[in-house]
Amino acid sequence: MRYMMLVYSTVGPDGLSAEEAERIRSGHWKLMEEARRKGVLQGAEPLAPITTATTVRSQNGKAVVTDGPFAETKEHLAGYYIMECKNLDEAIEWAAKIPTACHGMEGCIEIRPLPGLSVRSEADARAGQAAALNG
Amino acid sequence: MQEAFASALASWPVHGIPGNPAAWITTTAQRKLIDAARREQTRREKQDSLRYETETAWSTLEAEFEEATMHFPDDRLRLIFTCCHPALNGEAQVVLTLRTLGGLSTPEIARAFLLPEATLAQRLVRAKRKIQEARIPYEVPAPAHLPERLVAVQAVLYLIFNEGYTASSGTELVRTDLCAEAIRLARVLCELLPQDTENIGLLALMLLQDSRRNARVVDAELATLEEQDRSLWDQAAITEGVALVEKALRLGSAGPYQIQAAIAALHAQAGTPGETDWRQIAVLYERLLEMNPSPVIALNHAVAVAMSEGIEQGLSEIDDLGRSGALDHYYLFHAARADLLRRLDRIGEAAAAYERAAGLATNRVEVNFLIRQLERLRKN
């Protein structure tokens, strides 16, 4: 089953030294390589910093656009991984390896199962996903 | 140290005053053997149903079972590690374990935790759904993760034990089974990880508490540790418990279960209340406090000080504890005060404290006990 690992961080890339940013970036790269090699990586991307966020809400049937994330939180979404794992314990093993970026503090990873699209079979869904990734 | 306090204080999780009150003791004295059989049947069914749900949902797991590097003869271990998985919240862990391994019905569990049955049923449903939807595996953890996963299991087992222990009044055969079940599972844990001293400590603690089961109830009421007929204590269980405590302490690292077991061993080895080594018990509570600075443990320590160094000293320690006001709504604080005041012949103050305690206690047996103490005071 596919799991999404949502990477939460308290510090945006702007708040990191070049050294730290590089350390984290190469950490992610190594992990992605390992996951790809083992055939479990389905996707992984960083999100642009929280300063670039825009929120769209519906108010009285109209779309209302505001600057910033949907809520002011201490931790914000910094990126995601999607991995094919046989069960939650395997997903946890991978999640524990994901570098998270905070000054001396670790961020956290939220693991959510991806139940798959209802209309297509899982195989179709994954094929579609792979096609999108390879674009 | 009075039995009611001993049992309640021992039953609180080591991490402090719990959100949920102590187990509810049923007052019905009669439970037939057929009831016990029904529960056994229910337990088997639930165990099977959980297994069915987890196994049939993921056929790939079948293959895993074959290639498992560790083979556990006891299927219940797989179940309990699944039920106690950290991805489930604490309440779910307890409820799931009690339901599938403890053989308790949903209404019984609900009563034990003073929750509406519907709430409890919902918890069970959500827990099972989490297992399925997140694919929590039905297996014993890999060796690398076993120690940390074990801590959760120990906590759940101890909670189950206390459900049975505090419920064992009169002819509650089923509840005795619960203690036996908890002890049995604790033994399996010891076999699984013989070097884990907390496993040994937990088993020892359970055996030593359980050794008093035949002396705890007199005329359908709880007898205090002081009042109990010690000739009714199970000496075989005590012998085994004490040996386990010694074994654990010899292995070096001392944990909370081991310390509590050592305290229980000191009580168990005293032929009469007067022979109790309260000084040693006070020292042990100090060690326990270092690991876990909880008000409950501090209270226990104060009582041990009272019994070993002098009532006045113990009382002043309790009053120091009470200064912050944090224990004001905690019935055991007032009950402990009341007991010491009684021993000092400060009857008026003792009565007031018993009243306060009785007003705050939520467990019916304990309330009755406190009321009895009050009545005794008034008679004299």
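Two strands pair if DSSP finds at least two bridges between them. Strands (E, at least two residues) and helices (H or I, at least four) are DSSP runs, numbered from the N terminus. The model toured here is predicted: local features need pLDDT of at least 70, side-chain atom pairs count only at pLDDT 80 or more, and totals for chains, interfaces and linings use all residues. Residues are numbered from 1 along each chain as its sequence is written, while chains are lettered from A and ligands numbered from 1 in the order in which they are written.

**Chain A as a whole**

Select chain A and colour by secondary structure. Among the contacts in chain A with a separation of 6 or more, 73% are made by residues 24 or more positions apart.

**The open sheet**

Next, display S2, S5, S1 and S6 of chain A. These four strands form an open sheet in the order S2-S5-S1-S6, with antiparallel pairing. S2 and S6 (108-114) are the edge strands, each pairing on one side only. From one strand to the next the twist averages 20°; angles run from 0 to 180 degrees between N-to-C directions, and axes are lines fitted to C-alpha atoms, for helices over the stretch in contact.

Now select residues 2-9 and 76-84 of chain A: S1 and S5 pair in the antiparallel sense over eight bridges. A:Tyr8 has A:Leu77 as its bridge partner in S5(A).

Move to A:Asn87, in the loop between S5 and helix H2 (88-95) of chain A. A:Asn87 is partly exposed, with 19 other C-beta atoms within 10 Å. Its C-alpha atom is separated by 9.1 Å from that of A:Tyr3, 84 residues apart along the chain. Leaving aside neighbours within four places in sequence, A:Asn87 is in contact with B:Arg135 and B:Pro137.

Then show both chains. Their contact takes six residues from chain A and seven from chain B. The side of chain A that touches chain B has three nonpolar, one polar and two charged residues; Ala, Val, Leu, Ile, Met, Phe, Trp, Tyr, Cys and Pro count as nonpolar, Asp, Glu, Lys and Arg as charged, and the others, Gly among them, as polar.

**Helices of chain B**

Select residues 90-100 of chain B. This is helix H5, mostly covered, with nine of its eleven residues buried; among them are B:Val94, B:Leu96 and B:Arg99.

Finally, select residues 295-308 and 311-322 of chain B. The axes of H14(B) and H15(B) come within 6 Å and cross at roughly 160°. That makes the two helices roughly antiparallel, the term for angles over 145 degrees. Residues of H14(B) that meet H15(B) include B:Leu299 and B:Val303, and those on the H15(B) side include B:Ile318 and B:Leu321. The residues of this contact divide into eleven nonpolar, two polar and one charged.

Conventions. Angles under 35 degrees count as roughly parallel, over 145 as roughly antiparallel, 65 to 115 as roughly perpendicular and the rest as oblique. Two residues are in contact if their C-beta atoms, placed from the backbone, lie within 7 Å. A residue is buried if 20 or more other C-beta atoms lie within 10 Å of its own, exposed if 12 or fewer, and partly exposed in between; C-beta atoms are placed from the backbone.
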